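My entries follow in the order I made them.

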Amino acid sequence: TMSNAPVIHVGSDTRAKSQADALRDAEFAIKETGLEVSFTSGPHIAGTGMLDGSPVSVLVTCLPVGGRTFIEVVGISEDSGAAEQTRNRIRTITMGPAS
């Protein structure tokens with residue numbers, strides 16, 4: 001049933017940093033949040049693990065856009081709160097302050 005489907009929380013913005021820096025920051029964010037990097041491919045880096053007692057996954061996409069980098073963070077879990085916390089923590093660390 002649909003009630004068993006994972007919940008997705010998404011956040012995105014652009015930052016004045018290179019794609020390489022954004023991906024490096026995303027890798028740091030995934031590890032800092034206690035997750036393991038599950039794959040890296042092109043503009044994507046993903047992580048999986050446990051957050052607040054729930055299994056979670058996160059996907060970060062970093063695309064260069066005119067000297068800036070568009071960063072999208074997708075938190076996924078069957079627990080909506082855990083998906084939101086995953087998104088928020090990874091987003092905060094990866095993006096840093098507005099720039």
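**Entry 1: a turn to start from.** I began at the hairpin of strand 4 and strand 5, which has 2 residues between the strands. G66 takes a positive phi near 50° there. Helices (H or I, at least four residues) and strands (E, at least two) are DSSP runs, numbered from the N terminus. I noted that this is a predicted model, where local features need pLDDT of at least 70, side-chain atom pairs count only at pLDDT 80 or more, and totals for chains, interfaces and linings use all residues. Residues are numbered from 1 along each chain as its sequence is written, and side-chain values use heavy atoms, with hydrogens and water left out.

**Entry 2: strand 4 and its partners.** I counted bridges next. Strand 4 is joined to strand 5 (residues 68–77) by 10 bridges, and the two run antiparallel. Two strands pair if DSSP finds at least two bridges between them. L59 stands opposite V74 in strand 5. On to strand 3 (residues 44–51): 8 bridges join it to strand 4 (residues 54–65), again antiparallel. G49 has V56 of strand 4 as its bridge partner. The hairpin of strand 3 and strand 4 has 2 residues between the strands, and D52 takes a positive phi near 50° in it.

Entry 3: I followed strand 3 to strand 2 (residues 36–41). They run antiparallel and are joined by 5 bridges. T40 has I45 of strand 3 as its bridge partner. In this hairpin, with 2 residues between the strands, G42 takes a positive phi near 55°. Then I checked strand 1: 9 bridges join it to strand 5, antiparallel. H9 stands opposite G75 in strand 5.

Entry 4: In what order do the 5 strands of the open sheet lie? I read 1-5-4-3-2, with antiparallel pairing. The edge strands are strand 1 (7–15) and strand 2, each pairing on one side only. From one strand to the next, the twist averages 15°. A reminder to myself: strands of a sheet pair through backbone hydrogen bonds, either parallel or antiparallel.

**Entry 5: S54.** Is S54 buried or exposed? It counts as buried, because its relative accessibility is 12%; buried means under 20% relative accessible area, exposed over 50%, partly exposed in between (1.4 Å probe, protein chains only). S54 lies in strand 4. Leaving out residues up to four places away in sequence, S54 touches G49, S77, D79 and A82. Contact means heavy atoms within 4.5 Å. S54 and A82 are 28 residues apart in sequence, yet 6.5 Å apart in space, C-alpha to C-alpha.

**Entry 6: the helices.** I placed helix 2 against the sheet first. Helix 2 lies across strand 1, strand 3, strand 4 and strand 5, running at about 15° to strand 1. Axes are lines fitted to C-alpha atoms, for helices over the stretch in contact, and angles run from 0 to 180 degrees between N-to-C directions.

Then I took the helix pair. The axes of helix 1 (residues 19–32) and helix 2 (residues 80–95) come within 8 Å and cross at roughly 140°. Helix 1 and helix 2 are therefore oblique to each other; angles under 35 degrees count as roughly parallel, over 145 as roughly antiparallel, 65 to 115 as roughly perpendicular and the rest as oblique. Helix 1 makes the contact with A22, D25, A26, F28, A29, I30 and E32, and helix 2 with I90, I93 and T94.
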